Amino acid sequence: MKVGLILGKFMPLHKGHLALVEFAMERCDFLRILVCSCKGEPIDGELRTRWLKFATMGMNHVHVIHLEYDSSVLPATSESDRDVSQKWAKFLKKKYPDTDVIFTSEPYGEYVAEYMGIEHEAFDVPRESVPVSASMIRERPFAYFEYLPEHVRPHFVKKICVYGTESTGKTRLTRRLAKHFETVHVPEMARSVIEKTVKVEPHHLAEIAEVHASKIIREVDKANGLMFIDTDLMITRSYASFLFGKEFKVDDWIEEANDMDFYLFMQPDAPFVQDGTRLPVEMRNRLHESHASFLESKGKPFAKINGTDWE
């Protein structure tokens, strides 16, 4: 049985990596893939391992392993260096002595194979078939978004929350932004739970938070780099404080779904429209101050949006 080896950081996993895996699978009977990680890296090693395990699901002769290493013992470098390669080769030969061939898209593959006394099969070293690298994606993820597998893309999606009090145009602006950027949006879910704000009870807020977070999680896989979200968990918390004087707590998964990257804070200077579901205008304006307090305490970046001319 011919045993193959691929090692890399996969930070992030991209279609070039998957092409290398396919190339290797055709040339060995069993393939071991090492996801190498050390402290301080921008993408967690466990997450990268999950990405690769998902991509190779159902491939019985592929074994994905998360290899955490100490960079003071095994140098972390993207350069092809003989001394570095020799240290890694010594480690790999001891840990995986059954390896017959290593597959890489880097010149270091020749050095590691030489020091391990095994074969090396190179794949697309000039990166002609998939013209991208992980470092290029980290620097400009949206420029190379098409090279990310669908299950990896959500990690790079930027969540933009359209935030503010009632009747400031959040719904319209959220839809327009999603249309302009050809991506998905998540509407406010409160009206699917309770028709009128004045009738809301504390248990309604918990249901709104759960329904809204679930919608965010479902839609993020479809996002084209950006996704626009009408309101977020802070607004629900602001309602809880404003209407009931209570602190509002939720499960961790709801918090995680509401981890926004940027806020568009709608100011209450658009014409107020009472559609029968909203608070009276005086309460609506006081609610704006509550929302502002919650947003400023969060420490997230935001921009104030005035009026109704949003071009």
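Mentor: Asp230 is buried yet takes part in no salt bridge, and the nearest side chain of opposite charge, Lys170, is 4.9 Å away. Here, buried means a relative accessible area under 20%, exposed means over 50%, and partly exposed lies in between, computed with a 1.4 Å probe on protein chains only. A salt bridge requires a side-chain nitrogen of Lys or Arg within 4 Å of a carboxyl oxygen of Asp or Glu. As to charge, Lys and Arg are taken as positive and Asp and Glu as negative, whereas His and the chain ends are not counted.

The model is predicted: local features need pLDDT of at least 70 and side-chain atom pairs count only at pLDDT 80 or more, while totals for chains, interfaces and linings use all residues. Residues are numbered from 1 along each chain as its sequence is written, and side-chain values use heavy atoms, with hydrogens and water left out.

Beyond its neighbours within four places in sequence, Asp230 is in contact with Val162, Lys170, Thr171, Thr174, Val186, Pro187, Glu188 and His212, contact being heavy atoms within 4.5 Å. Asp230 itself belongs to strand β8. Strands (E, at least two residues) and helices (H or I, at least four) are DSSP runs numbered from the N terminus.

Strand β8 is mostly covered, with five of its five residues buried. This holds for both faces: Leu226, Phe228 and Asp230 are buried on one side, and Met227 and Ile229 on the other.

The strand sits in an open sheet of five strands in the order β7-β8-β6-β9-β10, with parallel pairing. Two strands are taken as paired if DSSP finds at least two bridges between them.

Helix α6 (residues 170-180) lies across β6, β7, β8 and β9 and runs at about 170° to β8. For such angles, axes are lines fitted to C-alpha atoms, for helices over the stretch in contact, and values run from 0 to 180 degrees between N-to-C directions.

Turning to charged pairs elsewhere, the structure holds 12 salt bridges. In one of them, Glu41 meets Lys9 with the closest N and O atoms 2.4 Å apart. Glu41 lies in the loop between β2 (30-37) and α2 (45-55), and Lys9 in the loop between β1 (3-8) and α1 (15-25), so this pair ties together parts that are 32 residues apart in sequence. Glu41 is buried at 17% relative accessible area, while Lys9 is partly exposed at 25%. Glu41 also forms a salt bridge with Arg48 at 2.5 Å, N to O, and both of these residues are buried. Another salt bridge joins Glu106 and Arg127, whose closest N and O atoms are 2.7 Å apart. Glu106 is in the loop between β4 (101-104) and α4 (108-116), and Arg127 in the loop between β5 (119-122) and α5 (134-139), so parts 21 residues apart in sequence are tied together. Glu106 is partly exposed at 24%, as is Arg127 at 29%. Through shared partners, Lys9, Glu41 and Arg48 form one network of salt bridges.

For aromatic residues, rings of Phe, Tyr and Trp (its six-membered ring) pair if their centres lie within 6.5 Å; planes under 30 degrees apart are stacked, over 60 edge-to-face, and the rest tilted. By this rule there are nine aromatic pairs. Trp88 and Phe91 form an edge-to-face pair, 6.1 Å centre to centre with 85° between the planes. These two residues are three apart in helix α3 (residues 82-95), which means that about one helical turn separates them. Trp88 is buried at 9% relative accessibility, and Phe91 is partly exposed at 25%. Phe265 and Phe302 are likewise edge-to-face, at 6.2 Å and 80°. This second pair links distant parts of the chain, with Phe265 in β9 (residues 262-266) and Phe302 in β10 (residues 302-305), 37 residues apart. Phe265 is buried at 2%, whereas Phe302 is partly exposed at 29%. Together with Tyr163 and Tyr263, Phe265 and Phe302 form one aromatic cluster.
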